[in-house]
Amino acid sequence: MIKILYFDTSAIIKYFIKETGSELVRLIVDKRVENSFTLHTSQISLYEFPKALNKKVKNGELNHVQMKKIIAKSKFYFPNVFRVRDFKPIPGFRNSKDTTYLELCMKHDLKVKRNGWDARHLACVINYLRCFGGVSRPRVLTADRKRFPRMIRAEGFDVINPEKISIDKFLSIVNS
């Protein structure tokens, strides 16, 4: 049984920087093979990731040297650990219509150039991972406190906030 976990940028950051929720994220990533986890993200994370790190530098949470080391280390993790799903064409075996980023912006009242990044993550989950169900139904990891978790639930997916769940609770959810 494969357990599909989609990571938004806020969850991926927790692997590279110690903060609330990092312990769970590191366990998921480091024990992914033995727990049958497949980890996915969107190409928007590749864009957001260095911006999020740069923001941490500006806030004094990181220095430039640390940021450069994390970015260098992440070059292995993005294609090999966090599978960037929307780099490749959408699988042809699905028979439902794809949901566009713009449709999700309209549906969830997002502004395309202002706060529409979450719609890009959600479009990836819907279009690339919706064919999985049952015990392999995708779950989305995010530490976002804004509207993104509501959008995920509205589209029928489960949200796991690594800042608000214990390792035991997480394991009981994904193993049920």
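This is a predicted model: local features need pLDDT of at least 70, side-chain atom pairs count only at pLDDT 80 or more; totals for chains, interfaces and linings use all residues.
**Entry 1**

I began with the strand order. The model has an open sheet of five strands, arranged β3-β2-β1-β4-β5 with parallel pairing. I noted that β3 (82-84) and β5 (158-160) form the edges, each with a single partner strand, so one side of each lacks a neighbour in the sheet. On average, neighbouring strands are turned by 35° against each other, direction ignored.

I then looked up the pairing of β1 with β4 (residues 139-141), which is parallel and runs over three bridges. Leu5 has Arg139 in β4 as its bridge partner. I also recorded that α4 lies across β2 and β3, at about 65° to β3.

**Entry 2: helix α3**

I next examined α3, which spans residues 43-58 and has 16 residues. From first C-alpha to last the helix reaches 24 Å, close to the 22 Å expected at 1.5 Å a residue. Where does α3 bend? I located a bend of about 25° at Phe49, with a proline, Pro50, following within four residues.

For burial, I listed Ile44, Ser45, Glu48, Phe49, Leu53, Lys56 and Val57 as buried in this helix. The cover over these buried residues includes β1 (3-7), α1 (9-16), β2 (37-41), α4 (64-80) and α6 (117-129). Just after α3, I found Gly60 with a positive phi of about 80°.

**Entry 3: salt bridges**

I counted nine salt bridges. Which residues are linked in a network of them? I traced Lys14, Glu19, Lys56, Glu61, Arg145 and Glu163.

Within this group, the side chains of Lys14 and Glu163 meet at 2.7 Å, N to O. Lys14 lies in helix α1 and Glu163 in the loop between β5 and α8, so the pair ties together parts that are 149 residues apart in sequence. Glu163 also meets Arg145 in a salt bridge, at 2.5 Å, N to O. Arg145 lies in the loop between β4 and α7 (148-154), so this pair ties together parts that are 18 residues apart in sequence.

Lys14 is buried at 1% relative accessible area, Glu163 is partly exposed at 24%, and Arg145 is exposed at 62%.

I also noted the salt bridge of Asp109 with Lys111, whose closest N and O atoms are 3.9 Å apart. Asp109 counts as exposed at 53% relative accessibility, whereas Lys111 is partly exposed at 47%.

**Entry 4: Ser176**

Last, I located Ser176 in the segment after α8 (167-174). Ser176 is exposed, with a relative accessible area of 60%. Its C-alpha atom is separated by 24 Å from that of Met151, 25 residues apart along the chain.

Note on methods. Residues are numbered from 1 along each chain as its sequence is written. Side-chain values use heavy atoms; hydrogens and water are left out. Helices (H or I, at least four residues) and strands (E, at least two) are DSSP runs, numbered from the N terminus. The expected span of a helix is 1.5 Å times one less than its number of residues. The bend at a residue is the angle between axes fitted to the seven residues ending there and the seven starting there. Buried means under 20% relative accessible area, exposed over 50%, partly exposed in between (1.4 Å probe, protein chains only). Contact means heavy atoms within 4.5 Å. Two strands pair if DSSP finds at least two bridges between them. Axes are lines fitted to C-alpha atoms, for helices over the stretch in contact, and angles run from 0 to 180 degrees between N-to-C directions. A salt bridge is a side-chain nitrogen of Lys or Arg within 4 Å of a carboxyl oxygen of Asp or Glu.
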